[in-house]
Amino acid sequence: MPNDAAPPGPRNFEVISFDCYGTLIDWESGILAAMHPVISRHELVSRPDEVLAAYARAEAAVEAGPYMPYREVLRRTFAGMAKDLGFAPQADELETLVESLPNWQPFPDTVASLRALAAAGHRLAIISNVDEDLFAGTARALQVEFDAVITACSVGCYKPHDAIFERAFERLGVTPGQMLHAAQSRYHDIGPGRRHGMQTVYVVRDSGRGSVSATPDVDELDAQPPADWTVSDLAGLVALLAR
């Protein structure tokens with residue numbers, strides 16, 4: 001008789017860590033909302049996928065260079081997007097993404113799912129490419145207490161760099177295999193997580209905009225093992241852990 005039971009969920013982990021922007025926070029909607037008035041002001045005709053692709057290219061290029069605070073990354077990302085999209089930014093527009101980030105909102109299922117995980121006794125952590133002061137606004141929107149928040153500014157590097165993950169293991173007192181990492185970005189999180197030996201959950205977060213997103217293409221990862229589990233949203237992670 002065939003076994004139709006779903007495969008078991010994650011086991012033997014001590015902490016669930018999350019990427020924040022793109023996984024818990026709907027950053028693509030935040031980016032598009034922030035860029036809309038700028039694009040209109042410059043009388044551009046740019047589709048959402050073009051704007052997000054420009055963001056992905058610009059941010060990855062900036063973060064690949066010498067470390068700088070995320071505020072400056074966002075300023076330079078905006079400048080790179082402007083060049084890509086074909087307009088000359090005004091001086092005050094360089095703050096567009098910096099000023100908008102603390103107001104980016106959680107996905108509809110995020111807060112309830114985080115509360116459910118915390119209520120079940122799981123230790124929760126954030127590993128994020130952000131400055132701590134910028135994250136403060138986001139933290140209020142997430143409405144749960146995290147055991148640790150590991151930011152790029154506390155380490156001096158950005159994911160997918162190994163050091164930010166190594167700091168997380170140290171801060172939380174766990175081995176990589178004892179951490180379950182949930183993230184939307186294969187480039188920033190799933191690839192490095194697999195490399196370190198973390199248990200990984202790929203949170204797809206289908207925006208309905210096709211394959212273009214605010215994270216870079218990762219063709220070089222296609223030959224590597226995929227995430228251990230794949231879910232469509234954070235509610236899917238809660239269900240996965242209940243198996």
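## Arg47 and Asp49

Arg47 comes out as partly exposed at 48% relative accessibility (buried is under 20% relative accessible area, exposed is over 50%, and partly exposed is in between, with a 1.4 Å probe and protein chains only). Its salt-bridge partner is Asp49, with the closest N and O atoms 3.0 Å apart. Here a salt bridge is a side-chain nitrogen of Lys or Arg within 4 Å of a carboxyl oxygen of Asp or Glu. Asp49 is partly exposed too, its relative accessible area being 22%.

## Ground rules

Keep in mind that this is a predicted model, where local features need pLDDT of at least 70, side-chain atom pairs count only at pLDDT 80 or more, and totals for chains, interfaces and linings use all residues. Residues are numbered from 1 along each chain as its sequence is written, and side-chain values use heavy atoms, with hydrogens and water left out.

## A helix-to-helix pair

How many salt bridges does a search of the whole structure find? It turns up 14, and one of them joins Asp133 to Arg71, at 2.8 Å from N to O. This one links distant parts of the chain: Asp133 sits in helix α6 (residues 132-142), Arg71 belongs to helix α3 (residues 70-85), and the two are 62 residues apart.

As for accessibility, Asp133 is partly exposed at 45%. Arg71 lands in the partly exposed class as well, at 29%.

## A strand-to-loop pair

Arg123 and Asp147 make another salt bridge, this time with the closest N and O atoms 3.9 Å apart. Arg123 is in strand β2 (residues 123-128) while Asp147 is in the loop between α6 and β3 (148-151), so the contact ties together parts that are 24 residues apart in sequence.

## Out on a loop

Where is Ala91? Look in the loop between α3 and α4 (96-100). With a relative accessible area of 65%, Ala91 counts as exposed. If you want a distance to check, take Ala91 and Val15: they are 76 residues apart in sequence and 43 Å apart in space, C-alpha to C-alpha.

Key:
Helix = DSSP H or I, 4+ residues; strand = E, 2+ residues; numbered from the N terminus.
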